[in-house]
Amino acid sequence: MCKILDKLAHHSEEMGNSTKSHGSALPLHSCVVKRRTSANRLFAIVYSFAILSLLYHHCITLLHSFNMVSLLILLADVVLVFMWTTSQAFRMRPVERRVFVEHLEHYAKNISDYPRLDVFICTADPFKEPPMCVVNTALSVMAYDYPTEKLSVYVSDDGGSKLTLFAFMEAARFAAHWLPYCRRNKIVERCPEAYFKSHHSWFDPETDQIRMVYENMRARVESVVQTGIINLDYISNEGETEVFSRWTDEFTPKNHPPVVQVLLEQNKDEDVTGHMMPNLVYVSRGKSMKLPHNFKAGALNVLLRVSGIMTNAPVILTLDTDMYSNDPQTPLRVLCYLLDPAMDPKLGYIQFPQIYHGINENDIYGGQLKLEFQIEPCGVDGLVGPNYVGTGCFFRRRVFFGGPSSETPEPNHLVNKSINSKQVLAMAHHVADCDFEKQTNSKWGIENIGLKYGTLVEDFYTGYLLQCKGWKSIFCNPKRPAFLGNSPMNLHSALNQTMRWSVGLLEVAFCRYSPIAFGVKSINLLQGLCYTHYAFWPMWSIPITIYAFVPQLALLNSASIFPKVSDPWFLLYIFLFLGAYGQECLDFMSAGETIQRWWNNQRIWTIRGLSCFAFALVEILLKFIGISTLGFSVTSKVVEEEQSKRYNKWIFEFGVASPFFLPITTAALINLASFMWGMVQVLFKQRSFDDLFMQMLLASFGTVNGWPLYEAIVLRTDEGKMPLKITLMSITLALTLYLVSSIVF
């Protein structure tokens, strides 16, 4: 372990304050190890001895009394030990980085020193992902503080919708007004929707005018999306009419030819002030019901090929539909690493955190995913680097074509041709067709080319395999968030999204490149453990489910299964419980979060464990025995007004009879009943509190966490209350579990 940490320290020097070694007094970036590192390592040692003592106690208990309950508790604790052990890898060497954009001018003195940048934005459904949301994301990056002749934006419309194309035709026209307005007024918030919501124009004619242009554009786009009809009055030339003529009766979202449309072209299109506009290209890859399309990974690989022909920028930024730019200087922050002459040549990508706007004050659904997207990446950044999370990531293009030491194959880039020329467009349509990969017998998504296929979490899998090849990465987390996105505002959508991630992670966990074996061997022990922790994330459902039901059912049957308060082993259980929770709480507090947010995070962690994590385990098991076929479901970005009001009042949204709600409601009812029965036994039946304390502690913990459920079942009358069907089914299931448990106990 010491040797690994020494190697990581050397790696950090290469990825950290390395510009000084080249004689520059003005470093581009810095990297320091966080202060709590030594305390983390010491705690890990102490806690490990406590875990060994617990496992010893389990063995002794099983030797004296072998029964199903003891086996279940042992299983829960073994999984907890496994997950805790893998999580400690994040705490062995957390680092914090800074960049100095003001020093960049000493390294990039001319426009020619700036590398070209291709931006990929993916969307899939104009009704779940409103086109205006995608438009705002595109406009925010088109307005970057970056040479426009070096910037190209590609939009992948995987739904093949003419509504999305129309929205971007409108966006191209609006961009001619928006980009110079941002430059002239030095606007920082360059997403139009976000800017106009936060900036009220009091007696500012220029802002009023640009706002009116934006509102007119939005009205036209939303009208077209609502009616599904593109009014002829909205079409400005014959070229646009010809483009829309491709949408025939045979053109469907799942079966259609490729569409590549150049909406803005550098050196040709100018804004209202005469400045050059960046490239803007719409791409809808060809699809066939007879061929697999490989979800988002397939869409991004098409963009890799199309952009390789048109612009072939050495740097690529990938963004989700709703993840708009919140800082126009973000590409310059990236250049502080890429242009550093002393930077490790194995640096493959720079990942920014996923941060969400619109989250309510207490983040009741844990939508910020603070631990996974902001705290843990700092830990893995001190090892080999963070994983790719699907958005907000700047790549060197060559990482998609082999390892750091391999030669990068040159794409068919037509350097001297206009991107709107017939030859370039013909080749772009060819590589965007659905059978291109099959016809060319290429290894896209399988071997060393492109993003990886075979899982619903193509981002995680791709980043993981890139690091297995030898690439490294950096986590860049500036004070002002680089990107802001939307988070689900109802519980069902949040759990459905997490289940999709969980199924994909389990696919990686049990594939031939499983991190627990291949990752540890290919990268290093600590980095492999980090990937193992993520891949087996849904395994949390096993201990959570066992501890949510077994001790409580035992309490309902007046059975004691834990050490008494007077037993020395009791102190071990309390230490392990408080130690794990206390360490996570300290992580949250150190990251600037509140106690209330930490509490809500651990509650949603419990809810996930009982619902989407458990469902994902069942889903992956069914897949392995050939019963189920996994599919991709787009998370809706549409927000209903009443749901939004309840969310902002910190009220949980149930409303639909979702299967996810059945296990969590059942657990809430059993925990409440067991706690009340425990109180009855102690107060009226003279049962020793010493015997039942641990079980009553767990039941009370579950009861407090279950308050939103009790409220939704009994007290609420709004549309977000718990459906009666789920309540009745949960009561029936709880009674059934009690009757079965009475036989066991």
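Student: Are tyrosine 581 and tryptophan 598 buried or exposed?

Tutor: Both tyrosine 581 and tryptophan 598 are buried, a term that means under 20% relative accessible area, with exposed over 50% and partly exposed in between (1.4 Å probe, protein chains only). Please note that this is a predicted model, in which local features need pLDDT of at least 70 and side-chain atom pairs count only at pLDDT 80 or more, while totals for chains, interfaces and linings use all residues. Residues are numbered from 1 along each chain as its sequence is written, and side-chain values use heavy atoms, with hydrogens and water left out.

Student: How many aromatic pairs are found in the whole structure, and why is the pair of tyrosine 581 and tryptophan 598 called edge-to-face?

Tutor: The search finds 48 aromatic pairs. Rings of Phe, Tyr and Trp (its six-membered ring) pair if their centres lie within 6.5 Å; planes under 30 degrees apart count as stacked, over 60 as edge-to-face and the rest as tilted. For tyrosine 581 and tryptophan 598 the centres are 6.1 Å apart and the planes stand at 90°, so the pair is edge-to-face.

Student: Which helices does this pair link?

Tutor: Tyrosine 581 belongs to helix H19 (residues 568-590) and tryptophan 598 to helix H20 (residues 595-610), 17 residues apart. Helices are DSSP runs (H or I, at least four residues) and strands likewise (E, at least two), numbered from the N terminus.

Student: What makes H23 roughly perpendicular to H25?

Tutor: Helix H23 (residues 661-684) and helix H25 (residues 707-715) pack at about 95°, with axes 10 Å apart. The axes are lines fitted to C-alpha atoms, for helices over the stretch in contact, and angles run from 0 to 180 degrees between N-to-C directions. Angles of 65 to 115 degrees count as roughly perpendicular, under 35 as roughly parallel, over 145 as roughly antiparallel and the rest as oblique. H23 is therefore roughly perpendicular to H25.

Student: Why does tryptophan 650 count as partly exposed?

Tutor: Its relative accessibility is 41%, so tryptophan 650 counts as partly exposed. Tryptophan 650 lies in the loop between helix H22 (641-648) and H23, and has a positive phi of about 65° although it is not a glycine.

Student: Why is asparagine 312 called buried?

Tutor: Asparagine 312 has a relative accessible area of 13%, and is therefore buried. The loop that holds asparagine 312 runs between helix H9 (295-310) and strand E7 (315-320).
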